[in-house]
Amino acid sequence: MKVPFTKMHGLGNNYIYIDLFQVELKEEGIPDLARKVSDIHTGIGSDGLILIHPSEVADVGMRIFNKDGSEAKSCGNGLRCVAKYAFEHDIVNQNRFKIETRANIVEAKVLADSGAVREITVNMGEPVLKRSLIPMTGNDTPEVVAERFDAADSVLELTAVSMGNPHAVFFVEDIDKAPLYELGPVIESDARFPDGVNVEFIEVVSPKELNFRVWERGSGVTQACGTGACAAVVAAVLNGKVARGNAFTVHLAGGDLRIEWSKDGNVWMTGGAEVIAAGEFYYDQVRTG
Ligand SMILES: N[C@@H](CCC[C@H](N)C(=O)O)C(=O)O
């Protein structure tokens, strides 16, 4: 079976996109397909797989599978790429439209120049802060902010935010010394997060600027995480490190995002999306070790 694909990235967070307006996939084969396309040696190489699909409740739908085949409920960088694809492939014919994710329905606005999308703003909706909804174990609390969190031999302070998917945010003095590879995998699968968690280290650079590094659930270190950047800004506000309502520049390994947690409760994300390649994936012929 030859599966048509497009590879796109948002700040280096790259996924293989399959357009289900054009092809059909068997549900039970999707996790395996995600693992196969993502493999750098025997596949195309990516942080995971994103499906662009017809929606009954929005203009277009998106599903995201991590590199390990697990399905997540949202993906910020993926949403900007889906918005670009939907606009440039005439799936939508206006520059403001709705995208369904497994977590919520978001609104995207594209800025286009001669039909080519240059920048996308997405209203990511309101962050979820209640402990049981992150989800985290323990007696329920309305928020998890600056809570002592022991991991391996380290004592950290955790702020937990869900942007449709769970994020564990930790503040550091120097982003270059963030223990990403040491603690990322340990915290990702810590039993206090029954669904696992994305792990972010944040340095507050100025009242409107954050440095950011991520270990993603199901994919490991990536160049960027859009939902993670939203969670980082929310966590910085909740910890009193910055003021709500400001537009922040978040510096990720792959580039910058603009994020605002507005007074009405919604988190807005603005940034780019790029097409890398398009082609056919020879699914049946791929043999993995
Ligand atoms: N890179 C994404 C998030 C992808 C899903 C995540 N790894 C999870 O399992 O929740 C983003 O840009 O938000």
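**A tour from V237 to the cysteines**

Select V237 to begin: beyond the residues up to four places away in sequence, it touches V242, A243, R244 and W261, where contact means heavy atoms within 4.5 Å. What you have open is a predicted model, in which local features need pLDDT of at least 70, side-chain atom pairs count only at pLDDT 80 or more, and totals for chains, interfaces and linings use all residues. Residues are numbered from 1 along each chain as its sequence is written, and side-chain values use heavy atoms, with hydrogens and water left out.

Stay on V237 and show the cartoon. V237 is found in helix α4, residues 226–238. Helices (H or I, at least four residues) and strands (E, at least two) are DSSP runs, numbered from the N terminus. With a relative accessibility of 15%, V237 counts as buried; buried means under 20% relative accessible area, exposed over 50%, and partly exposed in between, using a 1.4 Å probe and protein chains only.

The charged end of R244 sits over the ring of W261, 3.8 Å from the ring centre. A charge sits over a ring if NZ of Lys or CZ of Arg is within 6 Å of the ring centre and within 35 degrees of the ring normal.

**Strand β13**

Now select residues 209–216, which make up strand β13. Is this strand largely enclosed or open? Six of its eight residues are buried, so β13 is largely enclosed by the rest of the structure.

Which strands pair with β13? Two strands pair if DSSP finds at least two bridges between them.

- β12 (residues 198–206) runs antiparallel to β13, joined by seven bridges. The two form a hairpin with two residues between them. Show V204, which stands opposite L210 in β13.
- β15 (residues 247–252) runs parallel to β13, joined by three bridges. Show E209 and its bridge partner in β15, T249.
- β14 (residues 220–221) runs antiparallel to β13, joined by two bridges. Show W215, which stands opposite V221 in β14. This hairpin has three residues between its strands, and G218 in the turn has a positive phi of about 80 degrees.

**The aromatic rings**

The model has six aromatic pairs. Rings of Phe, Tyr and Trp (its six-membered ring) pair if their centres lie within 6.5 Å; planes under 30 degrees apart count as stacked, over 60 as edge-to-face and the rest as tilted. Select F149 and F193, a tilted pair with 5.9 Å centre to centre and 45 degrees between the planes. The pair links distant parts of the chain: F149 lies in strand β9 (residues 144–151) and F193 in the loop between α3 (180–188) and β12, 44 residues apart. Both F149 and F193 are buried.

Then show R192, whose charged end sits over the ring of F149, 3.8 Å from its centre.

**The cysteines**

How many disulfides does the structure hold? It holds zero, a disulfide being a pair of cysteine sulfur atoms within 2.5 Å. Select C75: its sulfur is 6.9 Å from the closest cysteine sulfur, in C225, too far for a bond. C75 counts as buried at 6% relative accessibility. End at C81, whose closest cysteine sulfur is in C75, 7.9 Å away and too far for a bond. C81 has 0% relative accessibility and so counts as buried.
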